[in-house]
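User: Hi! I am new to reading structures, and I would like to learn how to read one feature at a time. Could you walk me through this one?

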Amino acid sequence: AKMGAGEENPVPRLDACCFCIELKLGVLVLCVLQMIGAGIMLGLISVYILWGIASEVTENVPMLGGGFTFFSLLVVMCLTAAEFGFAMFAFSDIRKAEPQGIRYYYMFKLVSLGLSLVIFMLTTYWTAPEVVDLLLSTSLSVYSIWCVWSLHEALMLGGEAAVKAGFSKEELSESATLVKKAKDRASPDDSVGHASTYV
């Protein structure tokens, strides 16, 4: 992938996803795939939870080759729902050329990666297949986070960086207008607050 100039940050910024795909399009596809995966997982977990309740065996509900307690299934379900929500938020904000949802998305993915590594270290037997799987999955996760972060940085920089990432000048103009209106709405409250301090 091509690197940006990184004017505002020492970390290299990607200008494309997978060497040839527009960064905006690549992250949109990532969001869609994550929403689909999370939706399927939520469906599977819901079925297993309902099956466990109906069978009155909530202490050990099997899932995807492993044994999960009823409580752990609920925790995984909550995390998966959060994953779906953050991906949807990012997808919506990318379409509107707004950086907030993109920032929350890569922050959530960083936390999720950290939790996955901790869980792996606590449960692994450090066999060769497990280590290889860890390296591959971690590499993919880090690269996807890098792509999302790069898109956020490009949008924050604006101008040529944002256009190169895939945002049109019209999208950037509309986004800047919305931000300006939001600041204008907030400024009267600030001025009233400042005025009251002098009374």
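User: How many salt bridges does a search of the whole structure find?

Analyst: To call a salt bridge, we look for a side-chain nitrogen of Lys or Arg within 4 Å of a carboxyl oxygen of Asp or Glu. In this predicted model, the search finds four of them. One of these joins R13 to D15, with the closest N and O atoms 3.0 Å apart. R13 and D15 are both buried.

User: Which parts does the pair E171 and K24 tie together?

Analyst: E171 sits in helix α6 (residues 169-198) and K24 in helix α1, so this pair links parts 147 residues apart in sequence. Their closest N and O atoms are 2.8 Å apart, and both residues are buried.

User: And K96, which pairs with D93: is K96 buried or partly exposed?

Analyst: A residue counts as buried when its relative accessible area is under 20%. K96 has 41%, so K96 is partly exposed, while D93 is buried at 3%. The closest N and O atoms of this salt bridge are 3.7 Å apart.

User: Which residues make the nonpolar surface patch?

Analyst: The patch covers about 660 Å² and is made by I21, L25, V29, V32, L33, I36, I40 and L44. Helix α1 (residues 23-55) gives the most, with seven residues. L25 is in helix α1 and is partly exposed, with a relative accessible area of 44%.

User: How far apart are the end C-alpha atoms of helix α4?

Analyst: They are 43 Å apart, which agrees with the 44 Å that its 30 residues (128-157) should span at 1.5 Å a residue. After α4 comes G158, whose phi is positive, near 70°.

How values were computed
Residues numbered from 1 in each chain as written. Predicted model: local features only at pLDDT ≥ 70, side-chain atom pairs only at ≥ 80, totals over all residues. Heavy atoms only, no water. Patch = residues over 30% accessible without salt bridge, like charges linked within 9 Å, V, L, I, M, F, W, Y side chains within 5 Å. Areas by Shrake-Rupley, 256 points an atom, 1.4 Å probe, with all protein chains shown as cover. Helix = DSSP H or I, 4+ residues; strand = E, 2+ residues; numbered from the N terminus. Buried < 20%, exposed > 50% of the residue type's maximum accessible area, 1.4 Å probe, protein only. Expected span 1.5 Å × (residues − 1).
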